[in-house]
Amino acid sequence: MKCRQHRCCANFSVEAVSDIKMNNEMNEDVICAISTPPGMGAIAIVRLSGEGSIALTDTIFKSPSGKKLTSQPPNTVHFGRIYEDNELIDEVLVTIFHAPHSFTGEESVEISCHGSPYIQQKIVELLLSRGARMAQAGEFTRRAFRSGKFDLSQAEAVADLIASTSQVSHRVAMNQMRGGFARQLNKLREELLQFVSLIELELDFSEEDVEFADRQQLYALTEKIETDIKKLANSFKLGNVIKTGIPVAIIGETNAGKSTLLNVLLNEEKAIVTDIHGTTRDTIEDTINIGGILFRFIDTAGIRQTTDTLENIGIERTFKKIEQASIVLWVIDLTSPEENLRQTAETLIPKLNKKQVILLFNKTDLLSSEESDQKTAIKPHLLPELKAERLFISAKTQQNIDQLRSLLVEMAHIPQIGENDVIVTNLRHYEALKKALEAIRRVKKGLDADISGEFLSQDIRECMFYLGEITGQITTDEILGNIFSHFCIGK
């Protein structure tokens with residue numbers, strides 16, 4: 001059997017690896033960056049962190065009282081002016097924090113200035129000239145992790161919170177920031193640690209043939225942990241939808257009004273709209289929040305028989321997007337002959353198996369009252385073989401678009417997420433959970449096969465390794481660098 005002891009050796013604490021990494025990583029640089037979005041606004045915030053941040057700020061800041069910031073109590077705000085030599089740059093508010101009572105756990109300063117890009121850049125230049133350096137992407141959050149303000153999964157939740165675009169994604173990120181996910185993982189690791197310690201104690205007394213770890217209790221524990229990890233891993237499907245948006249494919253014949261509908265739903269001119277058939281030759285995607293839920297709409301190439309190579313490629317991509325979509329909006333031109341609809345249906349209906357479909361009969365604005373009544377009357381008989389919701393709309397005049405939005409929210413099937421619910425949204429976490437699940441299943445198989453404690457110990461520790469990798473109890477500079485490089489500068 002292949003030994004995995006190089007990953008999670010039984011002879012030392014896995015937490016010690018993280019501690020060594022963190023201690024080696026520490027430095028005393030004062031870092032600074034603009035923490036508000038780029039551009040012009042009413043105010044902006046320049047942030048500093050590191051021992052000496054307050055004294056460094058004193059070199060460019062003057063208060064009306066003449067008192068130095070270093071003489072002021074922590075967690076206080078002070079009005080004053082920023083100068084370059086004798087030239088006034090701006091009037092500002094400076095907030096000072098003493099370690100460990102700050103976001104990073106270090107001595108920190110936040111300078112609130114006016115939002116002029118020139119002022120922001122000038123203040124940063126002054127700080128750099130006094131000995132600070134520019135912060136790297138995510139370095140403030142990385143220092144907070146290093147200082148033990150929160151674990152790695154909570155640090156990643158900071159990025160998710162900043163990027164949240166819906167009520168649901170905001171709630172999921174807040175739940176993770178509060179540490180519910182980490183507590184659940186730590187509890188699993190502690191339970192495993194108790195047993196692996198007993199098994200390794202057996203190895204020390206192998207000649208006496210004693211058994212300290214009850215195998216039946218261990219088997220019951222592995223079943224429980226397998227269930228818990230599997231539940232967390234399975235939640236990624238929902239979490240990924242919450243984070244990236246529910247994919248909604250807009251399909252139909254050419255010139256049925258798909259692009260007009262996309263523009264209406266997004267409330268912007270995203271797609272080109274003309275009377276020319278085959279205008280959309282590739283997929284166009286964008287997201288929007290409807291009812292607190294993020295939807296990702298995909299406008300696709302119109303379906304028709306054509307010899308145009310590019311258009312046929314677009315139609316093939318339409319079929320792929322149908323496979324990926326959770327909801328399909330089939331836009332049907334009410335002014336088009338019904339035989340055209342039947343031909344399109346022969347192509348589309350086999351591809352809509354098990355999909356949530358809404359049939360949108362479009363262009364009601366082009367029908368007379370009598371024609372509209374006739375079309376509505378045969379509504380149940382249009383494509384009866386397809387299980388779908390049916391709605392008559394006018395994308396051009398926005399008739400029944402609000403009803404469509406309500407229907408989309410209803411079909412999203414996003415469950416109510418409570419304060420203590422843990423939903424996995426991070427691919428890194430999901431991959432680690434899958435590996436932990438594989439390891440705990442090997443433990444079960446090992447118990448069934450009555451293998452020696454040495455191999456049981458290796459598999460248990462590998463499970464612990466991957467759980468600890470999520471929270472940062474086990475980590476490497478490479479992992480940290482990859483995670484925090486995706487943060488914005490100043491966070």
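Mentor: Start with pairing: two strands pair if DSSP finds at least two bridges between them. Keep in mind that this is a predicted model.

Trainee: What makes strand 1 and strand 7 a pair?

Mentor: Strand 1, residues 31-34, joins strand 7 over two bridges. At least two are needed, so the two strands pair. The sense is parallel. Ile-31 stands opposite Arg-133 in strand 7. Cys-32 stands opposite Met-134 in that strand.

Trainee: How do you know that strand 1 and strand 2 pair?

Mentor: Four bridges link strand 1 to strand 2, residues 41-49. The cut-off is at least two bridges, so they pair. Here the sense is antiparallel. Ile-34 has Val-46 in strand 2 as its bridge partner. The two strands form a hairpin with six residues between them. Gly-39 in the turn has a positive phi of about 115°.

Trainee: Why are strand 3 and strand 7 called edge strands?

Mentor: Seven strands form an open sheet, ordered 3-4-5-6-2-1-7, with mixed pairing. Strand 3 (61-62) and strand 7 (133-134) each pair on one side only. That makes them the edge strands.

Trainee: Why is Phe-79 called partly exposed?

Mentor: Its relative accessibility is 38%. Buried means under 20% and exposed means over 50%, so Phe-79 falls in between. Phe-79 lies in strand 4, residues 76-84.

Trainee: What makes the nonpolar surface patch that includes Phe-79?

Mentor: Val-77, Phe-79 and Leu-93 make it, with an area of about 260 Å². A patch residue needs over 30% relative accessible area. Phe-79, at 38%, passes that cut-off.

Trainee: Why is the pair of Phe-295 and Phe-297 called stacked?

Mentor: A search of the whole structure finds five aromatic pairs, to begin with. In the pair of Phe-295 and Phe-297, the centres are 6.1 Å apart and the planes make 20°. The distance is within 6.5 Å, so the rings pair; the angle is under 30 degrees, so the pair is stacked. Both residues are buried.

Trainee: And why is the pair of Phe-465 and Tyr-466 called edge-to-face?

Mentor: Their ring centres lie 5.1 Å apart, with the planes at 85°. That angle is over 60 degrees, so the pair is edge-to-face. Phe-465 is buried, and Tyr-466 is buried too.

Trainee: How do you know that the charged end of Arg-47 sits over the ring of Phe-140?

Mentor: The charged end is 5.1 Å from the ring centre. The distance limit is 6 Å, so this value passes. Lys-62 lies over the face of Tyr-83, 5.0 Å from the ring centre. That also falls within 6 Å.

Trainee: Why is helix 4 called largely enclosed by the rest of the structure?

Mentor: Eight of its eight residues, 139-146, are buried, so helix 4 is largely enclosed. Among them are Glu-139, Phe-140 and Arg-146. Gly-148 follows helix 4 and has a positive phi, near 80°.

Trainee: Why is Thr-364 called buried?

Mentor: Its relative accessibility is 9%, and the cut-off is under 20%, so Thr-364 is buried. Thr-364 lies in the loop between strand 12 (356-362) and helix 12 (369-377). Its C-alpha atom is 8.2 Å from that of Gln-399, which is 35 residues away along the chain.

Trainee: What makes the phi of Asn-255 worth a remark?

Mentor: Most residues other than glycine have a negative phi. Asn-255 is not a glycine, yet its phi is positive, about 65°. Asn-255 is in the loop between strand 8 (246-252) and helix 9 (258-266). Its relative accessible area of 23% makes it partly exposed.

Trainee: What is the phi of Gln-398?

Mentor: Near 65°, again a positive value in a residue other than glycine. Gln-398 is in the loop between strand 13 (389-392) and helix 13 (401-412). At 45% relative accessibility, Gln-398 counts as partly exposed.

Trainee: How do you know that the peptide bond from Ala-99 to Pro-100 is cis?

Mentor: Its omega is near 5°. Most peptide bonds are trans. Pro-100 is in the loop between strand 5 (87-97) and strand 6 (108-115).

Terms used:
Residues numbered from 1 in each chain as written. Predicted model: local features only at pLDDT ≥ 70, side-chain atom pairs only at ≥ 80, totals over all residues. Heavy atoms only, no water. Patch = residues over 30% accessible without salt bridge, like charges linked within 9 Å, V, L, I, M, F, W, Y side chains within 5 Å. Areas by Shrake-Rupley, 256 points an atom, 1.4 Å probe, with all protein chains shown as cover. Salt bridge = Lys/Arg side-chain N within 4 Å of Asp/Glu carboxyl O. Buried < 20%, exposed > 50% of the residue type's maximum accessible area, 1.4 Å probe, protein only. Phe/Tyr/Trp six-rings, centres within 6.5 Å; stacked < 30°, edge-to-face > 60°. Lys NZ or Arg CZ within 6 Å of the ring centre and 35° of its normal.
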